[in-house]
Amino acid sequence: MSAVKTPIYLDNNATTRTDPRVVEAMIPYFTDVFGNAASRSHAFGWGAEEAVDKAREQVAQVLGADSKEIVFTSGATESDNLAIKGVAEMYADKGDHIITVVTEHKAVLDTCKRLEKDGKRVTYLEVQKDGLVNLDVLKSAITDKTILVSIMAANNEIGVVQPMAEIGKICRERGVLFHTDAVQAFGKVPLDVNAMNIDLASITAHKIYGPKGVGALYVRRRNPRVRLTAQMDGGGHERGFRSGTLNVPGIVGFGKAAELAREEMAAETERLIYLREKLRRGIMDAIDEVYVNGSLEHRLPGNLNLSFNYVEGESLLMGLKDVALSSGSACTSASLEPSYVLKALGVGDELAHSSLRFGIGRFNTEEEIDFVTHRVIHEVSRLREMSPLWELAQEGVDLATVKWNPH
Amino acid sequence: MPYSDKVIDHYENPRNVGAFDKSDPSVGTGIVGAPECGDVMKLQLKINEQGVIEDAKFKTFGCGSAIASSSLATEMVKGKTVDEAMQIKNTQIVEELALPPVKIHCSVLAEDAIKAAIQDFQAKRATQSATAHVLAEEKAAVAA
């Protein structure tokens, strides 16, 4: 096997390396075209404004939107806050009910929790075993006081892609705004705000090989015209939706990253699916009691989330120290709670503790995937030799019948 | 998550991984923790007639700190008497492995595992001597 450079980065759902082409596009905006995009009176400002306009267009194209519908923010967390709080406040006299899903990112869930404290009502829909939302359950959850449905296009932990067009259709029929946290889906799977009846979409640059610290919110302008109460006051930038001097270099980078993602999406998708399946089959053919979390069919091309029965996730990560991955194990989270997304799938605490998330990306090679496959097989086997649960299972004991002594 | 060198060492070169025969009368087996919690430790002690722990083996399902704590526990008990082993405190494990606060519970579980193994051994002993006592009485009754 040809030598691979370690550590290998396989955590592309967490963040991505900024593509050198993106960095190159950004640099002039630090040192040469450094004006404030809001400076209307001189060429420094005009140059910056022009660059921002171009980026707006590049980003909008990925969504099938109009560039006027793109509001730049500091990132998707801010976009989620703006969308959800902005709608809740603006449409307060229309209703006070919001629908979302238990598997959403914390940026959505925590924002909803805050709104509940302020007296709004939120319904958190459960998901099916494959991670998908049940459309009938969604339909029956909508009331005449519902003002917003917020459902992420693709999940960050399990990569599952929701039926966006169907959800959008339901929302449009009922006259409810449809927001989506499209962070993981943007630039990776086709999104079309019109075909899918999306009214608001949160996106960010750093998941698509762009810089950290810049994102955007798509806000529909026609059919219907979406209004929002701004969350950042002070100067009225971004048509009053989001005040604050624009991060021009970041925005330029975002635009370039979006353009590259759109151009390379088809080829990348094919390559990533090939690598992901190679990894999955390589591991699952060699060791048993390995489970895929979330639908394999409706999934981001580069995401793989596996549970290795009888082996705990953090110890596995420790053994794979030359590979950058993440786990749904409680030990890896500050709260010592296992992944709430895996719990929502009904995976069970034990398998949630045994999970690894692989995020394959643009810069991963086949050699790296082969290397990781071998390392995973080796470490899982080693840890199973050390596992009392594996020992019991080998003896034919059904672990569900064992009386444990938790302290 | 940054680990201390000692934890990494125990993880990469665990001491005394394995199993004794559970039914062996000189073996005490302690299983503590639960899969839902992400921590299960199985500790086994081989104790001789003098009440000294001759050998120890462990298997653990858990994070690096849990594996290190139980591996260290097997080292700590060897050569000790049962009474001395009952005195082992989790704080000694915390100090030796430099465990951060969020991992202290791993050392507590290891301490529990030692005690559970000893209790299992003692319970076995009690049953054995009770059985032996009954047999001796019967023998005496027959002989009389």
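Trainee: Where is the place of A:Asn197 in chain A?

Mentor: This is a predicted model. A:Asn197 sits in the loop between strand S6 (177-181) and strand S7 (200-204) of chain A. Its phi is positive, about 55°, although A:Asn197 is not a glycine.

Trainee: Is A:Asn197 buried or exposed?

Mentor: Count the C-beta neighbours. A residue is buried if 20 or more other C-beta atoms lie within 10 Å of its own. A:Asn197 has 21 inside 10 Å, so A:Asn197 counts as buried.

Trainee: Which loop holds A:Arg239, and is A:Arg239 buried or exposed?

Mentor: Look in the loop between S8 and H8 of chain A. A:Arg239 also is not a glycine, yet has a positive phi of about 55°. With 12 other C-beta atoms within 10 Å, A:Arg239 is exposed.

Trainee: What kind of peptide bond runs from A:Asn223 to A:Pro224?

Mentor: A cis bond, with omega near 0°. A:Pro224 lies in the loop between strand S8 (215-219) and H8 of chain A. Another cis peptide bond joins A:Thr6 and A:Pro7, with omega about 0°. A:Pro7 belongs to the segment before strand S1 (8-9) of chain A.

Trainee: How do H8 and H12 of chain A pack?

Mentor: Two packed helices are described by the angle between their axes and the distance between the axes. Here, helix H8 (residues 248-286) and helix H12 (residues 366-385) of chain A pack at about 20°, with axes 9 Å apart. H8(A) and H12(A) are therefore roughly parallel. Their crossing is right-handed. By class, this contact has 8 nonpolar, 2 polar and 2 charged residues.

Trainee: How many residues does each chain give to the contact between chains A and B?

Mentor: Chain B gives 25 residues and chain A gives 23. On the side of chain B that touches chain A, 16 are nonpolar, 5 polar and 4 charged.

Notes:
Residues are numbered from 1 along each chain as its sequence is written. Chains are lettered from A and ligands numbered from 1 in the order in which they are written. This is a predicted model: local features need pLDDT of at least 70, side-chain atom pairs count only at pLDDT 80 or more; totals for chains, interfaces and linings use all residues. Axes are lines fitted to C-alpha atoms, for helices over the stretch in contact, and angles run from 0 to 180 degrees between N-to-C directions. Helices (H or I, at least four residues) and strands (E, at least two) are DSSP runs, numbered from the N terminus. Angles under 35 degrees count as roughly parallel, over 145 as roughly antiparallel, 65 to 115 as roughly perpendicular and the rest as oblique. A crossing is left-handed if the near helix is turned anticlockwise from the far one by less than a right angle, and right-handed if clockwise. Ala, Val, Leu, Ile, Met, Phe, Trp, Tyr, Cys and Pro count as nonpolar, Asp, Glu, Lys and Arg as charged, and the others, Gly among them, as polar. Two residues are in contact if their C-beta atoms, placed from the backbone, lie within 7 Å.
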